[in-house]
Amino acid sequence: MDKNSWLVIIIIALLWSIGAVGLYAYNQDIQSLFLSINCFAVIIATTINLISTVRGQATKRLENTFNFIKRWDDSLMTQARMYTRELLEQSTAKADDEIMADLNNDKELKRSVVSVFNFFQAMYMSIDSGVVNEDILKRGFSSSYCRYFDAFRVWRESCTKYEDIAGYKDLHALYHRWSRYS
């Protein structure tokens, strides 16, 4: 347990001691004093359980965060990033219709772009639900995500018209959250 957890337990013990002394001084009954010891044991056990649960949730949240970081290096994501990087390097020189033609003519490239955006959509949903640490993910991914988001603007706009509108709203929300950090 950390320093703050011990501090909480010490404060509870101190308050119980003051209460037990006051109870005994008021009642002059040793039986009431022993009953208060039972109450103290229950309160301390509950406090320790609560502290353990909160720490477990924080640990799980951190594990979920680092699982996203690990997924970024999976072979499928690495392949997706390589394809996407090639297009990103060329996207400043390519017109919108050329980018769409490349995506429509190369199924692997299109699948890689979809994989990258699906990854970021899942990340946004995890951030939005509070199961990951956004600050860590933002530091690691905000600049990459904003580059992908900007480079594939024409593709995103075409997908928004015909496909998963709600999913693409998530991508926009993530971009607006992170664009000031990239």
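This is a predicted model: local features need pLDDT of at least 70, side-chain atom pairs count only at pLDDT 80 or more; totals for chains, interfaces and linings use all residues.

Colleague: Take Tyr145 and Trp178. How are their rings arranged, stacked or edge-to-face?

Modeller: Edge-to-face, because the planes stand at 90°. The ring centres are 6.3 Å apart.

Colleague: Where do Tyr145 and Trp178 lie?

Modeller: Tyr145 is in helix 6, residues 134-151. Trp178 is in helix 8, residues 165-178. That puts 33 residues of sequence between the two positions, so the pair ties together separate parts of the chain.

Colleague: Are Tyr145 and Trp178 buried or exposed?

Modeller: Tyr145 is buried, and Trp178 is buried as well.

Colleague: Now Phe149 and Tyr175. Stacked or edge-to-face?

Modeller: Stacked, because the planes are at 15°. The centres of the Phe149 and Tyr175 rings lie 4.1 Å apart.

Colleague: Which helices does that pair link?

Modeller: Helix 6, through Phe149, and helix 8, through Tyr175. The two residues are 26 apart, and the pair links distant parts of the chain. Phe149 and Tyr175 are both buried.

Colleague: Stay on Tyr175. What is its relative accessible area?

Modeller: For Tyr175 the value is 17%. Buried means under 20%, so Tyr175 counts as buried.

Colleague: What does Tyr175 touch, leaving aside neighbours within four places in sequence?

Modeller: Tyr175 is in contact with Tyr145, Cys146, Phe149 and Asp150.

Colleague: And how far is Tyr175 from Ser75?

Modeller: Their C-alpha atoms are separated by 25 Å. Along the chain, Tyr175 and Ser75 are 100 residues apart.

Colleague: Let's step back to the fold. How many helices and strands are there in the protein chain?

Modeller: Eight helices and zero strands. From the N terminus, the order is α-α-α-α-α-α-α-α.

Colleague: Is the chain spread out or a compact globule?

Modeller: More spread out than a compact globule, because the radius of gyration is 27 Å. For 182 residues the globule rule gives 16 Å, and the chain is well over that. The C-alpha atoms fill a box of roughly 90 × 30 × 25 Å along the principal axes.

Colleague: What share of the residues is buried?

Modeller: Of the 182 residues, 33% count as buried. The protein chain exposes about 11,400 Å². Carbon and sulfur atoms supply 58% of that area.

Colleague: What about contacts? Which share comes from residues 24 or more positions apart?

Modeller: Taking contacts with a separation of 6 or more, those residues account for 77%.

Colleague: Charges next. How many positive and negative side chains are there?

Modeller: There are 21 positive and 21 negative side chains. The centres of the two sets lie 3 Å apart.

Colleague: Now a couple of isoleucines. Where is Ile69?

Modeller: Ile69 is in helix 2, residues 30-72. Relative accessibility there is 28%, and Ile69 counts as partly exposed.

Colleague: What does Ile69 touch, beyond residues up to four places away in sequence?

Modeller: Ile136, Leu137 and Phe141. Ile69 and Leu137 are 68 residues apart along the chain, yet their C-alpha atoms are separated by 7.7 Å.

Colleague: And Ile18, buried or exposed?

Modeller: Exposed: Ile18 has a relative accessible area of 55%. Exposed means over 50%, so Ile18 falls in that class. Ile18 belongs to helix 1, residues 3-27.

Colleague: How far is Ile18 from Leu62?

Modeller: C-alpha to C-alpha, Ile18 and Leu62 are 39 Å apart in space. In sequence, 44 residues separate Ile18 and Leu62.

Terms used. Residues are numbered from 1 along each chain as its sequence is written. Side-chain values use heavy atoms; hydrogens and water are left out. Helices (H or I, at least four residues) and strands (E, at least two) are DSSP runs, numbered from the N terminus. The radius of gyration is taken over C-alpha atoms; the globule rule is 2.2 Å times the number of residues to the power 0.38. Buried means under 20% relative accessible area, exposed over 50%, partly exposed in between (1.4 Å probe, protein chains only). Contact means heavy atoms within 4.5 Å. Accessible areas come from the Shrake-Rupley method with a 1.4 Å probe; for residues, only the protein chains shown count as cover. Lys and Arg count as positive and Asp and Glu as negative; His and the chain ends are not counted. The place of a charge is taken as NZ of Lys, CZ of Arg, CG of Asp or CD of Glu. Rings of Phe, Tyr and Trp (its six-membered ring) pair if their centres lie within 6.5 Å; planes under 30 degrees apart count as stacked, over 60 as edge-to-face and the rest as tilted.
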